[in-house]
Amino acid sequence: MTITSSPAAFKGATPVALERFGRLPRPDLTYTPEVAEATAPIYEKLKHIIPAIEWPALAPTIHAINLLKKQRNAVILAHNYMTPDIYHGVADIVGDSLQLAIEATRTDAQVIVQCGVHFMAETSKILSPEKTVLIPDMRAGCSLAESITGADVRALRERNPGVPIITYVNTSADVKAECDICCTSSNALEVVESFGVDRVFLIPDKYLAANVGNKTDVEVLVWDGACEVHERFTAKELRDYRKIEPDIKIIAHPECPPEVVAEADFAGSTAHMIDWVKTRKPEKVMMITECSMADNVASETPGVNYIRPCNLCPHMKRITLDKILDTLVEMKEEVVVDPVVAEKARVAVERMINLKKN
Ligand code: 13P
Ligand code: SF4
């Protein structure tokens, strides 16, 4: 299956990655002594979360993916919400949305396998049009990306001439193409203030926009979108946790409602949350975000005790080891973006990346 950012406008796209690269034989997935030896260092990072009895079922797939990556000259870019078997087992680069976008511009690999949701793969394709970008499950979407279209942005601009429109990276290429600049949760405040004006739109996450608005004198206008994972956390549940664990540190993602962020000790992107825990090494911490975050960072932060209420992102969880293996064997599913849309969207994404460099 191939999804284009604007199927009507881009009729020339066909899913040709398999034709270009050919199919590879399916690897033998037996747990041999060689597989056990090659994957032993990986298991060290996963043993806190994967029981030893389950390892022989997982290790052959992890080993096969790591060999296939070399055969395909492929790199795996994995978001911090990937499950630990992907995050520690097969990913070449892990990070938040901004880090993954930057790494997509740096890699020499011919093929990018994006382990994350569709807008992340599309961003990689926008930044590296000459590369083949694959996503292990094309249905991995995002409630924020679904909440707005390019036509919505055009209408917004017509009604609000002269007001800069910043798009969160969690949007389709069509939306990025209509906006002035992109941002992620790690640089949203910097991007909002970069215009030097009184009012900007930050779309489509109304909670991220409100959280940024609370930190600046700039009036931040919103769109009515929300993350279906983070909007479910409530300030009351955080207060209730604190009553049970008074010395706990609570850190939250800025896609949470402002009253949740107000109850937290720190709010930041997934990468900033990980850095915060690694630097501060709190005795007890609660990460108010997607469930895999605590699982992934736990092996790198001995001594930190994770209290784990969390919400699963059903879209991120569509990406599995088995599907990654299929992706590399069959070169599916290819992400294609209309070149005209991609060129306009690239301007918005590169403005953001260049802001970070300055
Ligand atoms: P980050 O950029 O913080 O990784 O966030 C991406 C995301 O989708 C969080 O829900
Ligand atoms: Fe989208 Fe929320 Fe899932 Fe992130 S966690 S991909 S914002 S639905």
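**Note on the ligand site and fold**

1. Ligand 1 is surrounded by Asn80, Asp96, Ser97, Asn170, Thr184, Ser185, Cys227, His253, Glu255, Ser269 and Thr270. By class, this shell holds eight polar residues, two charged residues and one nonpolar residue. The model is a predicted one, and the points below should be read with that in mind.

2. The UniProt record, an unreviewed entry, carries a "binding site" annotation. The annotation covers His79, Ser97, Tyr168, Val169, Asn170, Ser185, His253, Pro254, Glu255 and Thr270. Such annotations may be inferred rather than shown by experiment. Two of the annotated residues, Tyr168 and Pro254, are taken up in the next points.

3. Tyr168 belongs to strand E5, which spans residues 165-168. Is Tyr168 buried or exposed? Tyr168 is buried, because 29 other C-beta atoms lie within 10 Å and the cut-off for a buried residue is 20 or more. When neighbours within four places in sequence are left aside, the contacts of Tyr168 are Leu144, Cys183, Ile203, Pro204, Asp205 and Leu208.

4. Pro254 sits in the loop that runs between E9 and helix H13 (258-263). Pro254 has 28 C-beta neighbours inside 10 Å and therefore counts as buried. Not counting residues up to four places away in sequence, Pro254 touches Ser185, Leu208, Asn211, Val261 and Ala267.

5. Ile251 stands opposite Phe266 in E10. Both strands are part of an open sheet of four strands, in the order E10-E9-E11-E12, with parallel pairing. Which strands lie at the edges of this sheet? The edge strands are E10 (266-267) and E12 (305-306), each of which pairs on one side only.

6. On the whole protein: it has 17 helices and 12 strands. Its C-alpha atoms fill a box of roughly 65 × 60 × 35 Å along the principal axes. The radius of gyration is 21 Å, which agrees with the value near 21 Å for a compact globule of 358 residues.

7. Of the 358 residues in the protein, 49% are buried. Among contacts with a separation of 6 or more, 65% are between residues 24 or more positions apart.

Note on methods
Residues are numbered from 1 along each chain as its sequence is written. Chains are lettered from A and ligands numbered from 1 in the order in which they are written. This is a predicted model: local features need pLDDT of at least 70, side-chain atom pairs count only at pLDDT 80 or more; totals for chains, interfaces and linings use all residues. Two strands pair if DSSP finds at least two bridges between them. Helices (H or I, at least four residues) and strands (E, at least two) are DSSP runs, numbered from the N terminus. A residue is near a molecule or strand if its C-beta atom, placed from the backbone, lies within 6 Å of it. Ala, Val, Leu, Ile, Met, Phe, Trp, Tyr, Cys and Pro count as nonpolar, Asp, Glu, Lys and Arg as charged, and the others, Gly among them, as polar. A residue is buried if 20 or more other C-beta atoms lie within 10 Å of its own, exposed if 12 or fewer, and partly exposed in between; C-beta atoms are placed from the backbone. Two residues are in contact if their C-beta atoms, placed from the backbone, lie within 7 Å. The radius of gyration is taken over C-alpha atoms; the globule rule is 2.2 Å times the number of residues to the power 0.38.
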